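Student: I would like to work through how to read the features of a model. Could we take them one at a time, with the idea and then the case?

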Amino acid sequence: MILWVRRGAAVWSGIFLMALLFSSGIQWGGMAGGILNLAWTMAEKFPSSLRRFLLPSALVINTIFSAYGVLSGGPVTWAVLAAGGSLLSWNAGLFSQRWPEASRPVQSRYLKRIGMVVALGLGAGLSALAFQGNLSLPFPLALWAMLVAGVLFLCLISQALPKATRKFP
Amino acid sequence: MTGAWSFVASLGLILVISGLALKNAALLAMALPYLFFTLLPLWRNLPRPDWRIQRELEPDHLKGGQPCEIKVRLTNMGQELEEVHITDMFPAGVRIEGHPEYHGEFKTGQMETLQYTVRGVRGNYEFPGVSVSMGDLLGLSRNEEFLHCSETLFVLPAVEKLEKIKISPRRTRVFTGTIRSRESGAGVEFFGTRAYVPGDPLRHLNWKAGARWDLLITNLFEQERVADVGIILDARSIVELKTDKDSLFEHSVRAAASLVQYFLEEGNRVGLLVYGNYIQWTFPAYGKQQRAKIMAALAGAELGEHAVFKEFRYLPTRLFPPESQVILISPLRGKDVYPLRYLRALGYRVLIVSPDPIAFEKPLLPHDQFQELAERIARMERNATLAKLRRSGVQVVDWDVTGPLWLALKRAGAGMRR
């Protein structure tokens, strides 16, 4: 299950990265980003030494490409979505490397946890951009507000989640 | 925090710094998912476990090559742990069969058993405890803990069954045993004769002597008692010879173990001195407990290079009861003759079991005329050393370690003086 989530997230980040870079007019970057994410999708086929190197380097390169695309005038939303996908794929790759024989309940719990963090991160990023536009707030203030709100929300969920998933005899 | 956390935190911070430096809000927005990853472990503390740990070694004393089953039972009486990696730390030198580790979640009250088998060569192996690494599912925070749960595994030296060994120390102990005591009394060996006195058993009358002297003469028999036996194991590295698979010292240890077993089974009081790095002394005593003590000491016996113990000059003779039997197991050097003569002069009965270093080394050397000549010279030197010792009243058993010890003792037994 985790494997397919990881691959899906890599494809997701690859698509948004290519779209971002092509729309910014960086054709070579789009091609390179696409190839890199394609390789990342197939990371399990590579030898373990190469895979260990590929996981963090793909996240770094995706981040750099996203930032470069944004600085070149590309849509920020796509950059945030690409970054979120990259983070999800990287962390899921780490988990499956560390614990390949994890049981289904553990995998589900992991997916809930990572899903919560990625959703909050993406939501906060996108909302910060939207708030800035709609409320005409200075961006640092919008960012600070979103960060605080997100952390409080995270706290709320992390306290509620164990109660919700507890199994009664 | 883990390396993964530092990695994401660095990326997030780089984006924030770049956004602030370039006054670009988009870069700051991009940093938000990274910052949430970074903040999560800071917000959520790792749960605190309360471990109960128990280790079982079955058996904890074994012979070389035999398997020992190890069970480590871990119970978590604290909070539930999402991901735990438990590894039992094992000493170097043992061969592991099975998996001494556990990876998974650990709920409150859950008990897990790490079960595996170890085999090893002679030695003392200490299992110090268990390493526990606890983390969250995202791999962003991790705590390491070491749980002490120490047990020692004794891999004992091999023991050879020995036939009767004749020793005759000047002084024996009061209990009945198998060693001739030089005193008349109840026994089976003829000791002498004396004039009959009323009360002597009639079946002990010596009729032939009586007819010659025209007196009633009665036979006397030698009492057999237990004795004090001190065994000295030479652990000086200067006399050691070693190959990839074999070691002369290991043969010496095997000989010591066999002699300990034999003399304790015969009811004697046995002590052990390992002479090498320091004076490792096991006080003389009787019985099975003493056997276990000495075997444990022999299991841990190691070669030493201490300058003080390079020669037998500082042999602590006072450790052995006066006029008792001392058995030295050593390949011997020429310089060892004088201190051993001194030991003999003090009144101790000395028996030397000497593993033959020349016979041990011979198969490892090239077979040519120089090697033959060298062997002859070395053999002459060794024979001269042994002859000097024999002339001093020391019993010497020259043992070719390719053969069994009992055979060497039996062959030497015929030539041993009383």
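Student: Which residue of β9(B) is the bridge partner of Gly129(B)?

Tutor: Strands are DSSP runs of E of at least two residues, helices are runs of H or I of at least four, and both are numbered from the N terminus. Two strands pair if DSSP finds at least two bridges between them. Here the partner of Gly129(B) in β9(B) is His148(B). Strand β8 (residues 123-135) and strand β9 (residues 142-156) of chain B run antiparallel, joined by twelve bridges.

Student: What should I look at in the hairpin of β8(B) and β9(B)?

Tutor: Six residues stand between the two strands, and Gly139(B) takes a positive phi near 70°.

Student: Which strand else pairs with β8(B)?

Tutor: Strand β4 (residues 81-89) of chain B does, antiparallel and through seven bridges. One of the residue pairs is Asp88(B) with Val130(B), the latter in β8(B). As a general idea, side chains in a regular strand alternate between the two faces of the sheet.

Student: What kind of model is this, and how are its parts labelled?

Tutor: This is a predicted model, in which local features need pLDDT of at least 70, side-chain atom pairs count only at pLDDT 80 or more, and totals for chains, interfaces and linings use all residues. Residues are numbered from 1 along each chain as its sequence is written, while chains are lettered from A and ligands numbered from 1 in the order in which they are written.

Student: Where in chain A is confidence lowest, and where is it highest?

Tutor: pLDDT is the predictor's confidence in each residue, from 0 to 100. The mean for chain A is 80, and 80% of its residues reach 70 or more. Confidence is lowest in α6(A), at a mean of 65, and highest in α4(A), at 88. Where pLDDT is low, the predicted coordinates should not be read in detail.

Student: How many helices and strands does chain A have?

Tutor: Chain A has six helices and zero strands. To judge burial, count the other C-beta atoms, placed from the backbone, within 10 Å of a residue's own: 20 or more is buried, 12 or fewer is exposed, and in between is partly exposed. Of the 169 residues in chain A, 41% are buried.

Student: Is α4(A) mostly covered or mostly open?

Tutor: Mostly covered: 19 of its 23 residues are buried. Its length can be checked too, since the expected span of a helix is 1.5 Å times one less than its number of residues. For α4(A) that gives 33 Å, and the end C-alpha atoms are 33 Å apart, so the two agree.

Student: How many residues of domain 1 of chain A are in contact with domain 2 of chain A?

Tutor: Domain bounds come from an automatic or database domain assignment, which for chain A gives domain 1 (1-89) and domain 2 (103-169). Two residues are in contact if their C-beta atoms, placed from the backbone, lie within 7 Å. Ten residues of domain 1 of chain A are in contact with ten of domain 2 of chain A. On the domain 1 side, α1 (2-23) and α4 (76-98) of chain A each give two or more residues, and α4(A) gives the most, with seven. That side has eight nonpolar, two polar and no charged residues. Nonpolar here covers Ala, Val, Leu, Ile, Met, Phe, Trp, Tyr, Cys and Pro; charged covers Asp, Glu, Lys and Arg; the others, Gly among them, are polar.

Student: Which element of chain A gives the most to the side that touches chain B?

Tutor: Start with the totals: 41 residues of chain A are in contact with 28 residues of chain B. α3 (48-71), α4, α5 (104-134) and α6 (139-165) of chain A each supply at least two residues of that side. α5(A) gives the most, with 15 residues. By class, the chain A side divides into 29 nonpolar, nine polar and three charged residues.

Student: Is Arg73(B) buried, exposed or partly exposed?

Tutor: Arg73(B), in strand β3 (residues 68-76) of chain B, has 15 other C-beta atoms within 10 Å, so this residue is partly exposed. Leaving out residues up to four places away in sequence, Arg73(B) touches Gln54(B), Met111(B) and Thr113(B).
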